[in-house]
Each structure stands twice: as structure tokens, then as C-alpha cells.
Amino acid sequence: MKCTTCGAPSAVMVSREQPEQHRIELSRVCELGHRFTTVEVPLTMLADKRELTCALRNIDRRIARFVRDSAIAEDPRPVKEVAAAYNLTDARVRQIRASFPDRESHDRFAKIASNLERKFDGTPC
Ligand SMILES: [Zn+2]
């Protein structure tokens, strides 16, 4: 699997079976040393394939919300104008902006979101 930060190939360092949660957690490291964790869910563990579709749809929603929130965080307009533009309360806009405190982690998450988007592109939901 490609690194979620830089796109370089990665290798599995540790694999932890979590039968009570019906999943296997994989700790990975890429050629440049970025560490990240993925989760494998054996399809036989899903009672119904619709559960998978639902899980993927939830990921899509989270990505969409992240993209919107990062646009709000970067919007140079005053809180009131941004709140009106996105149909949110002023408090919610301030909250979203506070959750994007530094540029570096913003870039990192933007990269992760775009990788996820690519990965799930074309998945029928
Ligand atoms: Zn990397």
C-alpha cells in the first residue's frame, strides 16, 4: 500500500488480529519512514455487504466534511460572512477554524483526504 503522507511504497511492520472487533490492524511504515495504521476487515466478517457500502459512504461523508471545513478554515472573510455562506452558526465557524491550528497538520490531512478520495473513487454506494 502507498504511504498516506508521501505516496511511497510501504511495508507492514506489525499485524494485530482483533477478533472481538472483527478486524486486523496493520502498522505500516513507508520507505521514507512515515508510520501509519490501516485496518483490514475480512468480508466474511460482515453479515451483509451493505455494511461495507455503508462504511464507505460514511468515509465519503467525513472526507466531504473535511474538505468543507478546511475551506472554512482558509476563508479570509470574517466569521459572520463565512457562517452565512455555509449556513452555519458563528460559533460553529469559530470551532472549525480552531480545529485547524497549524498549516502543517492541515496539509497532512488534506493529503490523507485526497488519497482516500482517490482510493474510494468509483465505489458504488
Ligand atoms: Zn511516506
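Which residues does V79 touch, not counting residues up to four places away in sequence? In this predicted model, V79 touches D90, V93, R94 and R97.

**The nonpolar core**
- Ten residues make up the largest nonpolar core, and V79 is one of them, along with I63, F66, I72, V82, A83, V93, I96, F100 and A113.
- Three helices, α1 (49–74), α2 (79–86) and α3 (90–98), each supply at least two residues of this core.
- As general background, nonpolar side chains tend to be buried together in soluble globular proteins.

- D90, V93 and I96 are the buried residues of α3.
- Looking down the axis of α3, you will find its buried residues within an arc of 125°, so they line one face of the helix.
- The cover over these buried residues includes α1 and α2.
- Turn to the other side of α3, and R94 and A98 are exposed.

**The zinc site**
- Four residues coordinate the zinc ion: C3, C6 and C30, each through SG, and H34 through ND1, at 2.0 to 2.4 Å.
- The site is tetrahedral, with angles of 105 to 112° among the four donor atoms.
- Along the chain, the donors of the zinc ion follow the spacing C-x2-C-x23-C-x3-H.
- C30 has 6% relative accessibility and therefore counts as buried, since the cut-off for buried is under 20%.
- H34, at 28% relative accessibility, counts as partly exposed.

Conventions. Residues are numbered from 1 along each chain as its sequence is written. This is a predicted model: local features need pLDDT of at least 70, side-chain atom pairs count only at pLDDT 80 or more; totals for chains, interfaces and linings use all residues. Side-chain values use heavy atoms; hydrogens and water are left out. A nonpolar core is a set of buried Ala, Val, Leu, Ile, Met, Phe, Trp, Tyr and Cys residues joined through side-chain atoms within 4.5 Å. Buried means under 20% relative accessible area, exposed over 50%, partly exposed in between (1.4 Å probe, protein chains only). Helices (H or I, at least four residues) and strands (E, at least two) are DSSP runs, numbered from the N terminus. Contact means heavy atoms within 4.5 Å. The arc is that of the directions from the helix axis to the C-beta atoms. Donors are N, O and S atoms within 2.8 Å of the metal (3.2 Å for Na, K and Ca); water is not among the atoms, so sites may look incomplete. Four donors count as tetrahedral if all angles lie between 85 and 135 degrees; four count as square planar and six as octahedral if opposite donors are over 155 degrees apart and all others between 65 and 115; anything else is irregular.
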